[in-house]
Amino acid sequence: MQIDLRTVTIKPLRHTFDNIARRIGADKPASRYQEGTLDMQQTANFHYRPTWDPEHDIYDASRTAIKMADWYAFKDPRQFYYGAYTLARAKQQDTAEANFDFVENRGLAATLPESVRDTVLQLLLPLRHVAWGSNMNNASVCAYSYGTGFSQPHIYQAMDQLGIAQYLTRVGLLLGDVESLDEAKRAWMEDDTWQGLRRYVEDSFVIKDPVELFVAQNVALDGLLYPLVYETIIDDVLSSKGGTAVAMLTQFMTDWFAETRKWVDATVKIAAAESAENKEVMAGWLSQWRDRSAAALLPVARIALGDRTDEVMAEVVQQFNARMAKAGVAI
Amino acid sequence: MDMQVAKKKLGLKERYAVMTRGLDWTPSYQKMEDIYPYIAYEGIKIHDWDKWEDPFRLTMDAYWKYQAEKERKLYAIIDAFNQNNGHLNVTDARYVNTVKLFISGISPLEYVAHRGFAHAGRAFPGPGPRVACLMQSLDEIRHAQTQVHAISNYNKYYNGMHDFHHMHDRVWFLSVPKSFFDDAITAGPFEFMVSIGFSFEYVLTNLLFVPFVSGAAYNGDMGTMTFGFSAQSDEARHMTLGLEVIKFILEQDPANVPIVQRWIDKWTWRGYRVLTLVAMMMDYMLPKRTMSWKEAWEVYFEENGGALFKDLARYGITMPKCAEQIALEKDHLSHQAWSTFYNYAAAANFHTWMPDEDEMAWLSSKYPESFDKHYRPRYEFWREQAAKGNRFYNKTLPMLCQTCQIPMLFTEPGDPTKICYREVDYKGDKYHFCSDHCKEIFEHEPEKYVQAWLPVHQIYQGNCFPEGTDPTVEGFDPLAAVLKYYNLEHGRDNLDFDISEDKKNFAEWRGQATKNI
């Protein structure tokens, strides 16, 4: 027997909001990403100028040297609005939790060769502070950039980086203890190995142009650091020395970088494709910050790579250049 | 195999400390004042950021987990509501006008809060408050988006909210909530925290959310009720942050007390003025009422707020002075506001109406001192006129208060028969105010408030017509041009509820859903 469920069908007066219809070309049903992103930021008739920055409006596209006819040209290929974002992270969180449990319950931390364990503590733990710096920088881009299409992913990125700093802390507590964290902070503050990177991060704190800050942090620094540390050192070098457990503990970072670079690349591409002027500005920032971050990461990489450092770093830089060329900026 | 020595488990507080506070360091390659440029100019003195008590000790893993669960539930309910034409279960289509107010007046403010907390979070050198602010920034974009998503379905069937972003930046009365948040985000980071984190989120939020959310529930609007409840658990966190901010600032230095007191006075008054919209929603716009504005004020401000200020007395903070005037206005606020919107219903993005006999009886019972004496006769007259085909729409523009931007519709404290006007001469210009409190706020920061984008002035200066409009052509209709600039569709989005498409469609659709036709 077949039962037909009858529902009342009412013809809607319209399918979405006017601003969305104006942008997607017709009164079509819109996605939640579109309705939660497009034109969310106010654009007109601001009442007062910021007392803390009277040169600018509350939201002001002139805070950056990048010029866009429409800032909503920036789209997040992940289509992250808050709901999609938290659901994605909660899922990764489940995996990460299972990985930590696996390593902990089987006592895998204790089976790590001592050299691997020491390398991990020396290399990974000071990176907590780099992630914390990224949290600040991404908050800054979110606060002072223009248009929700561009600003929105930065609050997610800010909180992701806080999450990463906290994962690194857990790795530290699992493989070491609170003293390991203190020792890593001391190294971060005092050891020569880390001063180039610390200077890079502190210098990035005073970058006023939000798009340049996006480049310095999310494109250049992360663009070298993640492939170098998580993909090369941990997944290849340390794993071959019996450190697979570490790769499990940092899977979040590996997956996270693979995902976020799609957004980063799309953002670079859209900014550069807008005009020859933008492309030139982007290329200038990219090469300047790439060179600085490669130099800052070199002594850090040496902790794990020893003699092979220069060669690996050159490879990572080359991959980065190829990635940027694909995004439309030859550097 | 060696026996593994069990590691000492960290307590919650210690664990949170290494997960958050331990991440921070004192920079040396750049100066603190260059990294945190907005921290000194308000005059607030902080000696020890570590004294900040983290109210929640939430780490990101826990945050994602809980929030994702809430999102899953929320969107499941929104989807079910939409699929089942849940909007037809509301009491009557007049109710939908509260949703219009909400999406054009409140949801855009959630977005500003998102950006504002990102700014404050970046500005504070202390890791505790930074993380708390950034989590709130993330929550606030959640609120803006879940509201848009929940209300999107109403927009498909009802008028007035189809271009709410555009309207928020332009429509005259939406300048009131917009200017409130513009004021907050253009203030320094500490004042932002006191204005939004404390005054709004802590002291006044119940007056906004309880009527809206329980109003939604009372009137059968599951969609709005659900996002309201879902936001409420975030709000609890935000309220705690708001209170923590105040205590922290006050405990740091006695010199902070007078600065904070001024902010509390200012933001309580500005927040209360914005809540005028809520007052009329409660007393007039909910077909099924939850409680009167006056009752809500008594419970949430006079009782709860009173207890809070008693607590804060040990720091030297006193009840905002404006509370006295508000107590005198509570018998009149909603009636005066509704009368004004009834007048200006041609230029608003929602419908108005005169209360029916039952509703008038309810209003008399809730406002025995004022309703029958001052407002019922006015309404009866307007109703008679409307019945004769003379529904009155005011086409002249009112004078606005320079600070709160509300038309000068309020009466003298203690004399409901006399409009209250105040004025100030500043650098050769005259500025007008609705009250002593708005005048005082202006006088403290005149350079800020002279910038106000006052809709009426802007209309008269010709700045609120669509581009390319020539106001000198014969037969030019300024109101029609202004409505075009608002993208308000005359005859659909505005005017009286009785003649509205909303009313007609709702009756027809409900008929389809409940009758055999």
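User: Which residue forms a salt bridge with A:R198?
Analyst: In this predicted model, local features need pLDDT of at least 70, side-chain atom pairs count only at pLDDT 80 or more, and totals for chains, interfaces and linings use all residues, while side-chain values use heavy atoms, with hydrogens and water left out. Residues are numbered from 1 along each chain as its sequence is written, and chains are lettered from A and ligands numbered from 1 in the order in which they are written. A salt bridge is a side-chain nitrogen of Lys or Arg within 4 Å of a carboxyl oxygen of Asp or Glu. With the closest N and O atoms 2.7 Å apart, the partner of A:R198 is A:E202.

User: Where do A:R198 and A:E202 lie?
Analyst: The two residues are four apart, about one turn of the helix. Helices are DSSP runs (H or I, at least four residues; strands are E, at least two), numbered from the N terminus. Both A:R198 and A:E202 therefore belong to one helix of chain A, namely α9.

User: Why does A:D191 count as partly exposed?
Analyst: A:D191 pairs with A:R186 in a salt bridge, with 3.2 Å between the closest N and O atoms. A:R186 is partly exposed, at 32% relative accessible area. A:D191 is partly exposed because its relative accessibility is 26%.

User: How many residues apart are A:R89 and A:E259?
Analyst: The side chains of A:R89 and A:E259 meet in a salt bridge of 2.8 Å, N to O, and both residues are buried. A:R89 sits in helix α3 and A:E259 in helix α12 (residues 251-274) of chain A. This pair links distant parts of the chain, with a separation in residues of 170.

User: How many helices are there in chain A?
Analyst: Of the 331 residues of chain A, 62% count as buried. The C-alpha atoms fill a box of roughly 70 × 70 × 40 Å along the principal axes. Chain A has zero strands, and its number of helices is 14.

User: What area is buried between chain A and chain B?
Analyst: The contact (heavy atoms within 4.5 Å) takes 92 residues from chain A and 102 residues from chain B. Buried area is the accessible area (1.4 Å probe) that two parts lose on being put together, summed over both. Carbon and sulfur atoms give 60% of a total that is about 8500 Å².

User: Which residue meets B:D61 in a salt bridge?
Analyst: Side chains of opposite charge can pair when their charged atoms come close. Across the interface of chain A and chain B, the rule finds three salt bridges. At 2.9 Å, N to O, the side chain of B:D61 meets that of A:R170.

Methods:
Buried means under 20% relative accessible area, exposed over 50%, partly exposed in between (1.4 Å probe, protein chains only).
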